[in-house]
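Okay, thanks for making time, everyone. I'd like to walk you through one structure today, so let me put it up on the screen.

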Amino acid sequence: MVAFPFYLPFPTRVIEFQTALINSSSWSYFKKTNPNLLSHLSMAKTNKTKRPQLIKQEEQIGDIEDLFSEEDTYKIRASLLEWYDKNQRDLPWRTSTKKSENGENVQEEEEEKRAYGVWVSEVMLQQTRVQTVIDYYNRWMLKWPTLQHLSQASLEEVNEMWAGLGYYRRARFLLEGAKMIVAEGIEFPNTVSALRKVPGIGDYTAGAIASIAFKQVVPVVDGNVVRVLARLKAISANPKDKTTVKSFWKLAAQLVDPSRPGDFNQSLMELGATLCTPLNPNCTSCPVSSQCRALHNSRNDELVMVTDYPMKVVKAKQRIDFSTVSVVEISRSQDRSQQTKSNSRVLLVKRPDEGLLAGLWEFPCVTLDEEADLSLRRKLIDQLLKKSFKLNPPKNCNVISRELVGEFVHVFSHIRRKIYVELLVLHLKGGKHVLFEEDDINTTDWKLLDSEAISRMGLTSAVRKVYSMVQKFKQDGSSNNSVPLRKRPKCS
């Protein structure tokens, strides 16, 4: 059976389609049953002006340096802004405007506050759905309504507010940027070049803030804009290629409306988010369908679909790794039956300030390169507890219980991690240990907290999942994976 690469746009699809058939035993049958399509394929292959040879996947189809005509530029601007004025979603970070008696727009928010709100919203919206962001944005602005308020926050407070949004590096950059602007005593940067100097602000975010808050006539290019532009111009080049990216920025810059740059940029993004979607574009409702080459091509060739544009880029394969997590409970009681929430505390550890999930809190854990059995996982956890926390059963603490809680898979953007979870309950000999002296309780490296305090912390979704599993496990009672104390060998 012949596999045909239907994912490629015309004319690449038809040429490779024919090539596959010629090299197969199906060619004779195909010629007899599909004479019209055969003629079509031959025309596509022999048309030297369009494509003299098979098109490699990374090459472009069409001239992406070909800018919009002046007429199309004006039509696209007018159509998109008219559509946006009628159909824009009511989102909390969009400026409220009103008409005065003389017809002039009156801005209800000061520029700096507006710029701050746009900055927060754009950072939150990266890799996150709008509906998810709305509640986070409202809570954030309630707690830190201005740049000055945010600059006085701690990273721990910010992470707590950000918990559940993921990509925590974004939150850290927001805080660092606010502190930098306030510390330097400057006004909020209002140009792309000045905004790019702020930690975490790239070309897209700089363009969004400058155009929306300060009415700078500059473009924005995100995934939604790329999709809209690729379809308007029928661009099949790899959208991740550096040359192609530069061309998208040129096209976007050409289209920006000089009188309403912020609204136009938002209209372009709104179109991509609501109508010109990746898989099910609503072309009949699109305000710029008459200027869309992809739609024109699809109507004139049944082998072409609007969704052929932009080219589908194969995502990098996720790395697979493993982790063993130990939820360590320090109990005041040696009797397991007398353990209560009030007489036990749970150990949390702060991650390094660099790398994945930098500066966030978690339970003691060890990352593994490959799967390991229960015995090896516990040995590695014991080594970690001894080295980092001086916990060394049975010398300075007793193991009340140690139970395997379960396992689950957590997916990061580039990592697929299998996590093993255990519950380890310890009793410190003498009632306290040098590690847990009162003066050390507030150290930035680790904490001992009760369940109520943990529930208020800004923990990642994976860490919350671990703790939820442990809580449910304790409520359901012991499992068959429990290691009875008297049969358990001594920890190393």
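Before I point at anything, one cut-off: buried means under 20% relative accessible area, exposed means over 50%, and partly exposed is in between. Also keep in mind that this is a predicted model.

So, with that cut-off, let's begin with K447. It sits in strand β9, which covers residues 446–449. Is K447 buried or exposed? Its relative accessibility is 19%, and the limit is 20%, so K447 counts as buried. What does the side chain of K447 make a polar contact with? The side chain of E156, at 2.5 Å. Leaving out residues up to four places away in sequence, K447 touches E156, V346, L347, L348 and W361.

Next, the aromatics. How many aromatic pairs are there? The count comes to 6. One I'd like to show you is W93 with Y137, an edge-to-face pair with 5.4 Å centre to centre and 75 degrees between the planes. This pair links distant parts of the chain, 44 residues apart: W93 is in the loop between α4 (70–87) and β1 (97–99), while Y137 belongs to helix α6, residues 130–143. W93 counts as buried because its relative accessibility is 7%, and Y137 counts as buried because its value is 6%. W140 and W144 also form an edge-to-face pair, this one at 4.8 Å centre to centre with 70 degrees between the planes. Both W140 and W144 are buried. And then there's an aromatic cluster made up of W119, F188 and F214.

While we're on rings, have a look at two lysines. The charged end of K233 sits over the ring of F68, 5.0 Å from the ring centre. Likewise, K465 has its charged end over the ring of F408, 5.8 Å from the centre.

The largest pocket has a volume of about 1800 Å³. Which residues lie nearest its centre? Those are Q127, D222, G223, N224 and K240, out of 46 residues in the lining. Several helices each supply at least two lining residues: α5 (111–125), α11 (203–214), α12 (223–232), α13 (242–255) and α14 (261–274).

Let's move on to the backbone. Most residues other than glycine have a negative phi, and most peptide bonds are trans. Here are some exceptions. Y309 and P310 are joined by a cis peptide bond, with omega about -10 degrees. P310 is in the loop between α15 and β3. K312 is in the loop between α15 (293–300) and β3 (319–331) as well, and K312 counts as partly exposed because its relative accessibility is 45%. K312 is also 74 residues from N238 in sequence, yet their C-alphas are 7.8 Å apart.

There's another cis bond from P393 to P394, with omega near 0 degrees. P394 is in the loop between α16 (374–389) and β7 (397–411). K390 is found in the loop between α16 and β7 too, and it has a positive phi of about 60 degrees without being a glycine. At 47% relative accessibility, K390 counts as partly exposed.

Last one: Y167, in the loop between α8 (155–162) and α9 (169–183). Y167 is not a glycine either, but its phi is positive, about 50 degrees. With 39% relative accessibility, Y167 counts as partly exposed.

That's my tour, so over to you for questions.

Note on methods
Residues are numbered from 1 along each chain as its sequence is written. This is a predicted model: local features need pLDDT of at least 70, side-chain atom pairs count only at pLDDT 80 or more; totals for chains, interfaces and linings use all residues. Side-chain values use heavy atoms; hydrogens and water are left out. Helices (H or I, at least four residues) and strands (E, at least two) are DSSP runs, numbered from the N terminus. Buried means under 20% relative accessible area, exposed over 50%, partly exposed in between (1.4 Å probe, protein chains only). A polar contact is a pair of N or O atoms within 3.5 Å; within protein, one must be able to donate a hydrogen and the other to accept it, and residues adjacent in sequence count only if both atoms are side-chain atoms. Contact means heavy atoms within 4.5 Å. Rings of Phe, Tyr and Trp (its six-membered ring) pair if their centres lie within 6.5 Å; planes under 30 degrees apart count as stacked, over 60 as edge-to-face and the rest as tilted. A charge sits over a ring if NZ of Lys or CZ of Arg is within 6 Å of the ring centre and within 35 degrees of the ring normal. On a 1 Å grid over the protein atoms alone, a cavity is a set of points where a 1.4 Å probe fits but cannot get out, and a pocket is an open set with protein on both sides within 12 Å along at least five of seven lines; lining residues have an atom within 4 Å of a point. Grid points are joined across faces, edges and corners, and a volume is the space filled by probe spheres set on the points.
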